[in-house]
Amino acid sequence: MERFCGFGSVLVACCLMSGASVMVHTVSHSTCKSCGPRPASSIGHKCYPDCNVSKVCPNPEDVCAAVWWREAGIVTMETMCHNPARPLYSVMLKDYSSAECLLISKHVAGRNLRVCACTGDDCNKHVLLSKLSDQEELTRPFKLRKLCRFCDIEYSTCNATGVCESTCNITSICESPNEVCVGAWKRNEGISSVETVCHDVAFPFYGQYLTDNNSSTCVLKPVKGTEEEFYMCSCNADECNAKLIFNVPPLKDKRTCLPVLLVSLVPLLVVIVLLVSSFYIYRVLRQQKLKIKGMESEIFINDDDHSDSSSAKANNLNHNNELLPIQLDSLVGKGRFAEVYRAKLKQGLMSAGEAFQTVAVKIFPYEEYASWKNEWEIFSDSELRHDNILHFLTAEDRKTERQYWLITAYHERGNLQDFLSKHIVSWEELCRLGVSLVRGVAHLHSDQMVSGQPKVPIVHRDLKSSNILVKTDLTCCLCDLGLSLRLDNSLSPDELANSGQVGTARYMAPEVLESRIDLENIESFKQADVYSMALVLWEITSRCSAIGDVREYEPPFGKLREHPCVESMKDDVIRDRLRPEIPASWSQHTGIQFVSSAIEECWDHDPEARLTAHCVMERFDDITSAVILPISSEPKSSEDSGNDDK
Ligand code: ADE
């Protein structure tokens with residue numbers, strides 16, 4: 001009532017000020033194309049989004065706008081209404097009066113985005129390349145842009161000697177004249193890969209500026225400060241990165257040096273023979289061990305854990321003509337946007353005798369492009385690689401099936417919720433599951449790598465036991481990163497504004513349920529994740545035999561099959577300040593008592609009072625380092641386990 005009266009008085013005041021004559025102003029609102037990120041296609045200098053949705057803009061000052069970018073050969077456009085007084089993807093658009101949407105280039109947080117705004121209904125239905133680009137396209141000879149091998153990351157048999165040839169033969173015309181051909185060779189846990197791309201010399205590649213931009217050959221040089229073997233090179237002749245050369249130190253004078261060289265090579269050869277044979281034995285033994293442990297799904301990896309920049313993308317999209325030979329087996333999970341299948345990758349990546357490898361394939365219909373793209377972008381960030389985060393292999397655009405795929409490691413024990421429904425865990429198993437979960441979250445949230453190199457923090461925003469997988473060694477890994485958010489400077493105000501309430505109501509922190517999360521403070525997103533993590537730690541603890549009688553598995557706040565809505569969760573979590581029960585019996589075991597107090601500190605109503613994941617990890621490490629023993633591969637099922645862990 002009060003609000004209504006206030007509004008009325010403003011109206012009266014307005015009428016008085018306008019000389020009491022009633023004037024009706026018709027404020028016009030633009031109509032603009034308004035689609036999320038969509039694939040786009042170019043005709044001449046115009047680029048059209050694959051989208052036909054127009055919207056009347058909510059504010060009279062709004063103009064039409066578009067954002068354009070290209071990654072791994074895919075051109076994407078996002079169209080929207082936009083208030084030009086505010087930045088768009090951190091860019092203040094000065095010229096929006098034109099009737100055409102003329103793209104300008106901006107480098108925002110490591111990405112080369114192009115943005116534009118225009119005035120007039122649906123003027124963003126297509127975009128135009130900027131004048132400069134137009135001129136470049138029309139007047140500069142085409143060959144000024146380099147022709148380079150562009151195969152992203154492929155497995156390689158090279159061994160850090162001689163000439164390493166790229167095994168794929170995809171050649172691309174680089175996007176801009178500033179780009180040179182680049183090659184990188186890496187070896188991690190015995191697996192070698194070669195990466196070939198075009199790259200703009202103005203920006204770092206894996207955190208390093210390219211130095212050999214005038215060379216006509218690609219001579220690999222070791223990159224220091226990474227945890228694995230990593231070599232890079234760049235060159236400036238067409239297709240010069242098809243051959244990557246390991247630099248053998250030149251011989252000064254062949255005649256005089258030869259005998260000396262031969263003699264000095266003998267010990268080296270002996271060492272090499274010893275190394276090769278021990279490496280071979282190590283590989284054979286490791287293979288056997290992996291097979292015994294049933295860890296087949298762990299052995300392929302996206303081995304690029306070395307970068308230090310926010311733009312460090314593995315960018316490993318499989319081009320359509322080189323799709324992996326994958327045969328889908330059975331459906332193992334169904335989510336909001338996609339289905340997950342167990343599948344056979346029909347290629348022995350590790351040892352010659354293997355006919356296939358088991359992988360998981362997450363399949364998104366074409367309509368869910370934005371979800372696939374977000375998860376792919378999160379996964380392809382090489383900084384993400386961690387034992388407690390699902391290992392990602394590659395993404396594919398399966399054009400004929402009109403599907404997008406994400407291919408990852410497969411974990412036969414399935415998700416943590418199903419696992420806890422069927423198994424009781426011992427104190428040691430609780431420690432393994434709990435510590436690994438906390439480590440995964442701490443890595444995700446962290447702003448630096450173990451090596452100290454900077455990393456973009458990521459928040460999961462949908463942590464729950466069904467989004468966590470149990471590995472064969474009874475450690476956890478986080479999956480389903482479709483709602484995750486990279487907390488870097490490229491977050492637009494719109495992205496931030498839309499990030500207030502996402503996730504699953506049962507696991508939402510009080511401030512998320514109320515949509516009162518502090519969007520200005522990136523820590524607040526992490527605090528909401530910590531709350532959800534506490535509920536998962538409670539779920540694991542509630543199934544631990546160390547606490548005495550173990551009840552049937554129940555998720556936090558109620559029954560398994562029910563899906564509480566936001567309003568009913570608000571009643572429980574905010575109005576009644578309820579949290580899952582911590583029975584008195586939990587304080588009879590020193591370890592469980594410690595875990596319970598960490599849980600309580602993590603689900604505090606006040607987000608600021610919660611522990612950080614890093615702090616929980618350090619506490620857990622202290623208490624559990626003595627406990628975590630090698631785990632047998634078969635945990636007890638709820639039917640056959642006893643209370644023998646006190
Ligand atoms: N369910 C969802 N993702 C999975 C994976 N990678 N392995 C096993 N089960 C899954």
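Close-up 1. Leaving aside residues up to four places away in sequence, His-82 touches Glu-61, Asp-62, Val-63, Ala-65, Pro-87, Leu-88 and Leu-93 (contact: heavy atoms within 4.5 Å). His-82 belongs to strand 6, residues 74–82 (strands are DSSP runs of E with at least two residues, helices runs of H or I with at least four, numbered from the N terminus). With a relative accessibility of 4%, His-82 counts as buried (under 20% relative accessible area, with a 1.4 Å probe and protein chains only). A polar atom of the His-82 side chain sits 3.0 Å from the backbone oxygen of Arg-86.

**Close-up 2. Helix 12 and its buried face.** Helix 12 covers residues 613–624. Which residues of helix 12 are buried? They are Ala-613, Val-616, Met-617, Phe-620 and Thr-624. Seen down the helix axis, these buried residues fall within an arc of 100 degrees, so they line one face of helix 12 (the arc is taken from the directions from the axis to the C-beta atoms). Their cover includes helix 6 (427–445), helix 9 (522–542) and helix 11 (590–602).

**Close-up 3. The residues around the ligand.** A nitrogen atom of the ligand lies 2.9 Å from a polar backbone atom of His-411. The protein buries 87% of the 260 Å² that the ligand exposes when taken alone (Shrake-Rupley method, 1.4 Å probe).

**Notes.** Residues are numbered from 1 along each chain as its sequence is written, and side-chain values use heavy atoms, without hydrogens and water. In this predicted model, local features need pLDDT of at least 70 and side-chain atom pairs count only at pLDDT 80 or more, while totals for chains, interfaces and linings use all residues.

Terms used:
Buried < 20%, exposed > 50% of the residue type's maximum accessible area, 1.4 Å probe, protein only. Polar contact = N/O pair within 3.5 Å; in protein donor to acceptor, adjacent residues only side chain to side chain. Expected span 1.5 Å × (residues − 1). Near = heavy atom within 4 Å.
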